[in-house]
Amino acid sequence: MMAETEQQQPDIDLSVVVPLLNEEHSLAKLAEKVEEALSESFRFELIFVDDGSTDHSWKEIEQLSQKCNWVHGIRFLRNYGKSTALQAGFERSRGRYVATMDADLQDDPFEIPEMIRMIKEEGYHLVSGWKKERHDPLSKTIPSRFFNKVTSWVTGIKLNDFNCGIKAYKREVIENIHLYGELHRYIPLLAKWEGYDKIGEKVVKHHSRKFGKTKFGLSRFMHGFLDLVSLVFVNNYLQRPMHFFGTIGVLLLVVGGIINLYLAIDKIVYGAILGDRPLLLLGVMLMVLGAQIFSIGFLGELFFKNRREHRDPNIKETV
């Protein structure tokens, strides 16, 4: 049945996924620009994902879909966030290649053909845009630059703009990652962990916002950093918690043991009085704390040994 279904699907070269929230005034113009940029080179589809808009965005999408058979829409009952919207678009897409962009007309769809060329001819798994010259207020650009520097340093991926909305992927990349929360910022990192480490970057045009208002805020900035910390921790230690908790626990036990050994020698050899020495309390506290943290790692190992989630490896090829 799966083979028959795949044969019945249209042969699509490129799927463009556009998540949106309250962008009714920009959708028609965006569809027009996408058609102009892609129609001569690709058999394409444009997938709008309405992430719980409260304006007339969905009505605009319905009208565009009636006029253009290459326009499709997905509508959420409420706002779930950009990552969930992208995931829904990825699952609906049918193209050999997938591109993403924002709906506010700040991303330029004429950049997409060159990004696809880089994937086809230069062997990249994904290509991320870099808004080198941005038309945004300083309240958005300065935190963004700091965020990108820290993320590049933590992940080891040399990108200048992790949060750029316009990206292009080989289909196999989006089929092997799953987005939720604020993870859309870290798609290159998720791809790298799955073995898709040929990540390119292209300087792209960035236009001024003409309609609506930015969805950026300090809370999203903080949530992004918290997601990065949790991602790195979970990837490195989820299946081996003893490596993290055990290391810290043993270190505290060793330091506490050395302190207590020193005090014991001081008491036995020199007859020192230990009852009023803060160092004794520190040594005991470190050993107790070390034992507790070590126990957390040990219990974590037992838990994941019995309830480890089975996940098939990402097989590159067979012969």
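## Aromatic pairs and cation–ring contacts

Phe 147 and Tyr 186 are both buried. In this predicted model, the two residues also form an aromatic pair: the ring centres of Phe 147 and Tyr 186 are 6.0 Å apart and the planes meet at 45°, so the pair is classed as tilted. Phe 147 belongs to helix α6 (residues 138-155), whereas Tyr 186 is in the loop between α7 (171-175) and α8 (187-193), so the pair ties together parts that are 39 residues apart in sequence. The ring of Phe 147 also has a charged group over it: the charged end of Arg 185 sits 5.9 Å from the ring centre.

In total, the structure holds four aromatic pairs. Another of them joins Phe 76 to Tyr 80 in an edge-to-face arrangement, with 5.4 Å from centre to centre and 85° between the planes. Phe 76 is buried, because its relative accessible area is 14% and the limit for burial is under 20%. Tyr 80, at 41% relative accessibility, counts as partly exposed.

Seven of the seven residues of β1 are buried, so the strand is largely enclosed by the rest of the structure. In a regular strand, side chains alternate between the two faces of the sheet. Both faces of β1 are covered: Leu 14, Val 16, Val 18 and Leu 20 are buried on one side, and Ser 15, Val 17 and Pro 19 are buried on the other.

Strand β1 pairs with strand β2 (residues 44-50) in the parallel sense, over seven bridges. Within this pairing, Val 18 has Phe 48 of β2 as its bridge partner.

## Loop residues with positive phi

Asn 22 has a phi near 55°, a positive value in a residue other than glycine. The residue is found in the loop between β1 (14-20) and α2 (27-38). With a relative accessible area of 28%, Asn 22 is partly exposed.

Leu 105 also has a positive phi, near 70°, and is likewise a residue other than glycine. Its place is in the loop between β4 (97-100) and α5 (112-122). Leu 105 has a relative accessible area of 6% and is therefore buried.

## Cysteines

What number of disulfides does a search of the whole structure find? The search finds zero. Cys 68 counts as buried at 17% relative accessibility, and Cys 164 counts as buried at 2%.

## The chain as a whole

The secondary structure of the protein chain comes to 11 helices and seven strands. Of the 319 residues in the chain, 44% are buried. Among contacts with a separation of 6 or more, 79% are between residues 24 or more positions apart.

The protein chain exposes about 18,400 Å².

Methods. Residues numbered from 1 in each chain as written. Predicted model: local features only at pLDDT ≥ 70, side-chain atom pairs only at ≥ 80, totals over all residues. Heavy atoms only, no water. Disulfide = S-S within 2.5 Å. Buried < 20%, exposed > 50% of the residue type's maximum accessible area, 1.4 Å probe, protein only. Helix = DSSP H or I, 4+ residues; strand = E, 2+ residues; numbered from the N terminus. Contact = heavy atoms within 4.5 Å. Areas by Shrake-Rupley, 256 points an atom, 1.4 Å probe, with all protein chains shown as cover. Phe/Tyr/Trp six-rings, centres within 6.5 Å; stacked < 30°, edge-to-face > 60°. Lys NZ or Arg CZ within 6 Å of the ring centre and 35° of its normal. Pairing = 2+ DSSP bridges.
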